[in-house]
Amino acid sequence: MPTPSTNGNGGDPTAVGKPKVKKLRLALVLLGLGALALISTVFGMMMAVAADLPKLEDREQFRSARNSELLDVHGKPLGILTGSKNVVLVSFDKIAPVMRNAIIAVEDKRFYQNQGIDLKGMGRALYSDVIARKSVQGGSTITQQFVKNALSAQNKRTVFEKLREAALAYHLTRKWTKDKILTEYLNSTYFGQGAYGIESAARTYFAKQHPGCGRTRETPCVQMLRPSEAALLAGVVASPTAFDPIAHPVASTGRRNLVLRDMRDQGYLPEPEYRAALQEAIPTQDDLTPPQEKTQWPYFTSWARQQIVNKFGATRAFAGGLRIRTSLDLELQQAAQKAVDGQLGGPGQHPSAALVAIDNKTGEVRAMVGGRDYARSSFNLATQGQRQPGSSFKPFTLAAALQKGYSAD
């Protein structure tokens with residue numbers, strides 16, 4: 001006698017669970033494809049990192065951390081050679097500890113503990129970006145910010161770009177020391193008012209507070225910063241426009257005070273120093289010293305700069321630590337400047353003039369005065385003043401005529 005069916009499928013035991021098996025297979029296939037896509041993405045990102053890391057490590061300015069030095073024809077120093085951004089490179093030991101502490105306190109308090117990335121911060125930033133469908137929040141460590149600056153990626157802030165920078169930052173911490181990363185970050189960051197790099201920023205905002213700083217390689221202004229000054233510079237980094245002490249003094253003061261509080265809370269600043277720093281004024285327009293040509297005779301060195309770049313390339317010329325002997329003779333240059341000032345009444349007078357002294361045997365320029373005051377006008381009358389000779393020929397014509405016996409009548 002047949003046994004009654006109990007499964008509702010005409011007694012066919014193979015029909016049990018078929019739909020579930022198909023769904024499981026589909027899920028496994030989709031999971032495999034997803035894993036493959038993720039692996040492909042990570043592999044592509046790693047390939048991009050593999051290509052970028054050597055380019056970053058091999059840059060001359062990150063190996064030497066020294067500007068090239070200009071000398072006169074006898075080997076006497078003229079100053080340092082900087083690019084259009086006037087970046088003055090400094091080493092780790094020349095950066096005041098209070099400046100290092102300030103930037104770490106506000107930008108990356110776990111800088112010396114993390115591996116170049118902050119997973120919690122990245123998670124918050126990525127979640128906010130995905131929800132808003134655009135970049136709205138930062139979660140970058142100092143190492144990631146350095147990578148962004150070094151690769152000029154400020155305008156390509158996609159989710160993938162952030163992931164690539166994070167991977168590069170992670171690998172960089174395995175190649176470089178933390179001190180080196182912090183130094184290169186401070187040397188490459190923009191601090192507003194045309195100041196690129198921490199030494200240029202210290203000179204721009206606080207040179208008048210520390211007379212004599214920045215005149216030699218051994219006495220940089222950044223080495224002399226006080227807590228309130230370091231906190232202001234560290235605060236400006238987040239937004240050089242919004243926290244500009246000249247344009248937005250209230251916002252700048254509030255940001256500086258926030259950095260000071262972070263420094264106190266993280267043990268970098270004792271309470272008495274914290275309270276004293278809060279009372280100090282922020283710089284005004286009269287306190288600023290705008291970035292300038294970092295040499296004693298800027299008309300000559302700015303003219304020679306392009307020739308040096310053409311010979312050595314921009315990176316090596318500006319940041320290769322070279323000692324470049326030029327054709328300028330300091331004694332002749334000083335005499336030329338004195339002669340021009342003596343005829344025109346000194347730099348405070350209105351007329352301007354140019355003078356060039358050339359070695360007739362070699363054609364080398366021994367002295368060059370290109371104008372009245374380079375700080376007021378960088379236009380070089382000697383090399384850029386392409387004007388018609390005009391009446392300047394008349395004295396020569398008259399002298400030749402007199403020599404031949406012609407009368408002035």
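The legends below describe an overview and close-up views of a predicted model.

**Figure 1. Overview of the predicted chain.** The chain contains 16 helices and five strands. It has 409 residues, of which 40% count as buried. Among contacts with a separation of 6 or more, 66% are between residues 24 or more positions apart. The accessible surface is about 23100 Å², and carbon and sulfur atoms account for 56% of that area.

**Figure 2. Surroundings of helix H3 (residues 97-107).** H3 is largely enclosed by the rest of the structure, because nine of its eleven residues are buried. The buried residues are Val 98, Met 99, Arg 100, Ala 102, Ile 103, Ile 104, Ala 105, Val 106 and Glu 107. Their cover includes helix H5 (142-150) and helix H7 (178-188), together with H8, H9 and H10.

**Figure 3. Crossing of helices H3 and H10.** The axis of H3 (residues 97-107) comes within 9 Å of the axis of H10 (residues 249-265), and the two cross at roughly 95°. H3 is therefore roughly perpendicular to H10. On the H3 side, the residues that meet H10 are Val 98, Asn 101, Ala 102, Ala 105, Val 106 and Glu 107. On the H10 side, Arg 255, Val 259, Asp 262 and Met 263 take part. Sorted by class, the contact of H3 with H10 has six nonpolar residues, one polar residue and three charged residues. Among the H3 residues in this contact, Val 98, Ala 102, Ala 105, Val 106 and Glu 107 are buried.

Figure 4. The side chain of Gln 266 reaches the backbone oxygen of Ala 105 at 3.0 Å. Ala 105 is one of the buried residues of H3 and also one of the H3 residues that meet H10. Apart from neighbours within four places in sequence, Gln 266 is in contact with Ala 105 and Lys 109. The C-alpha atoms of Gln 266 and Ile 104 are 9.9 Å apart, although 162 residues separate the two in sequence. Ile 104 is itself buried in H3.

**Figure 5. Arg 203 in helix H8.** Arg 203 is a residue of H8, a helix that is included in the cover of the buried residues of H3. Its relative accessibility is 15%, so Arg 203 counts as buried. A polar contact of 2.7 Å joins the side chain of Arg 203 to the side chain of Glu 199. Not counting residues up to four places away in sequence, Arg 203 touches Val 88, Gly 214, Cys 221, Thr 289 and Lys 294.

**Figure 6. Lys 208 in the loop between H8 and H9.** The loop holding Lys 208 runs between helix H8 (198-206) and helix H9 (227-236). Lys 208 counts as partly exposed because its relative accessibility is 47%. A polar atom of the Lys 208 side chain lies 2.7 Å from the backbone oxygen of Asp 286. These two residues are 78 residues apart in sequence, with a C-alpha to C-alpha distance of 9.4 Å. Leaving aside neighbours within four places in sequence, Lys 208 is in contact with Asp 286, Asp 287, Leu 288 and Thr 289. Thr 289 is also touched by Arg 203.

Notes:
Residues numbered from 1 in each chain as written. Predicted model: local features only at pLDDT ≥ 70, side-chain atom pairs only at ≥ 80, totals over all residues. Heavy atoms only, no water. Axes fitted to C-alpha atoms, helices over the stretch in contact; angles between N-to-C directions. Helix = DSSP H or I, 4+ residues; strand = E, 2+ residues; numbered from the N terminus. Parallel < 35°, antiparallel > 145°, perpendicular 65-115°, else oblique. Contact = heavy atoms within 4.5 Å. Nonpolar A, V, L, I, M, F, W, Y, C, P; charged D, E, K, R; others polar. Buried < 20%, exposed > 50% of the residue type's maximum accessible area, 1.4 Å probe, protein only. Areas by Shrake-Rupley, 256 points an atom, 1.4 Å probe, with all protein chains shown as cover. Polar contact = N/O pair within 3.5 Å; in protein donor to acceptor, adjacent residues only side chain to side chain.
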